[in-house]
Amino acid sequence: MKEKFILHGQESYNLAPFKYQWAYNMAQHSLSNHWTPQEVPMGTDKGCYELQLTNEERQLFTHVFSSLTTADLAIQENLTTKVYEMVKAAEIRLYLSRQIAEEGLHSVSYQHVIEAIGLDQEETYSMYRRVKEISDWFSWAKKWSHSSDVTMSLIFYYAIFEGVFFPTAFAAIYSLHRRRLMTGTGQQIQYIHRDETMHIGFGIRLINEIFNEIGDRPSNQEVNDMFHQSMEYIDRWAERCIPSVLGYNADLHRLQSRYLADRRLNALGYEKIWGASSALPWLDEMASIKKEKNFFETRVTEYQTGGALKFDEGDTMDALVDWR
C-alpha cells in the first residue's frame, strides 16, 4: 500500500489493501446511483418542442442541448485517452472506469432525447463545428486535454468543464423544465446532473490528493488566468446560445458561472476571484430528483439501491462529502 501513488511509480494491480479508500467508496456509491434513459417518460416532449416553445426557447434548447452532446463525448475522450492511463492506483482507476461508463450513459440519454423529439441528428451533433462560439469553447477545452501540465489539465476538466460549464448548461434546460416545458428532457438532465455532481466531488478530491502527493500546486496566477479565460469563452457561448426567455437569460448564466467558479476555486484551496452570489436560487432544488411523482403522470423512479447515495443537504452542486 505504501508504494501506491496516483501519478508516480509503477501501475498498481492491487486493488486492496486500499490507500485511497475514498475512491473505492465512491465507486461503490456510484453503482447504487445507476439509472437508464429509457425509464424516463418522453411522451410529451415532441409536442412541446413543436407546438409550445417559442422561437427563442427552441433556440435555447437546441443550442444548449447540442453543446451538451458534444461536451460528454469530449469528457469521455479525455478520460479514456489521457486520465485513465496517467493514473497508477487501482482504486482510483476503478472510479474512473465507472465515470467513463456514466459519460457513455449520458450520450445514450442525449440520443434517446434526439430520437424521441425527432431532432435532426446531423444538425444536432455538428453544431459545435458550425457555430463559432461553440466551436471556440470546445477548441479551448481540447487545448487542456493536450496540455503536458497534468494538474492544470485536471483542474480545467473537473473544476471548470464539469464543475461550471455542465451545471450552468443544465440550468438553461431546467429553466424550461420548471415551467413544465420539455419535462422528459428535464428529468433526463436531473439524472445526468446527479452523476456529474459525483464526478465533481471525485475530481476535486483527486486533484487535492495529487497536490499533497507532489508537494506542490499551480500558482494562483496560473489558475486565475485559466479561470478568467474560461469565463470569457463561456460568456461568448452564453451570448450566442442563450436568448432571453421567461426566467432565464445570458446575464443570469454568466453570474451563475462565476458563482460556481468561485466555489470550485475555494474547494481547491485557492481564493475566490469574483465573490459572486448565486443567480439561480432554484437550481439546487431542480437538481434534486428526490421528488414525489404523480402516479398518472409518470412512473415512480428511484434508482438508488442498497446503500443509497446521499448528497450533503443544501449543497447538491458539489457533493464534496467525506468519502473515507
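Mentor: Let's start with a definition: a disulfide is a pair of cysteine sulfur atoms within 2.5 Å. This is a predicted model, where local features need pLDDT of at least 70, side-chain atom pairs count only at pLDDT 80 or more, and totals for chains, interfaces and linings use all residues. Residues are numbered from 1 along each chain as its sequence is written, and side-chain values use heavy atoms, with hydrogens and water left out.

Trainee: By this rule, what does the count of disulfides come to?

Mentor: A disulfide is a covalent bond between the sulfur atoms of two cysteines. Apply the cut-off here and the count is zero.

Trainee: Is Cys 48 buried or exposed?

Mentor: Buried means under 20% relative accessible area, exposed over 50%, and partly exposed in between, with a 1.4 Å probe and protein chains only. Cys 48 has 3% relative accessibility, so Cys 48 is buried.

Trainee: Which side chain makes a polar contact with the side chain of Ser 109?

Mentor: Ser 109 sits in helix H4 (residues 90-117), and at 0% relative accessibility it counts as buried. Leaving out residues up to four places away in sequence, Ser 109 touches (heavy atoms within 4.5 Å) Trp 35, Pro 37, Gln 188 and Ile 192. A polar contact is a pair of N or O atoms within 3.5 Å; within protein, one must be able to donate a hydrogen and the other to accept it, and residues adjacent in sequence count only if both atoms are side-chain atoms. At 2.7 Å, the partner is Gln 188.

Trainee: What covers the buried residues of H1?

Mentor: In helix H1 (residues 21-31), the buried residues are Trp 22, Ala 23, Asn 25, Met 26, Ala 27 and Ser 30. Phe 202 touches several residues, among them Trp 22, Ala 23 and Met 26. The cover over H1's buried residues includes H4 and helix H8 (183-214).

Note on methods: Helix = DSSP H or I, 4+ residues; strand = E, 2+ residues; numbered from the N terminus.
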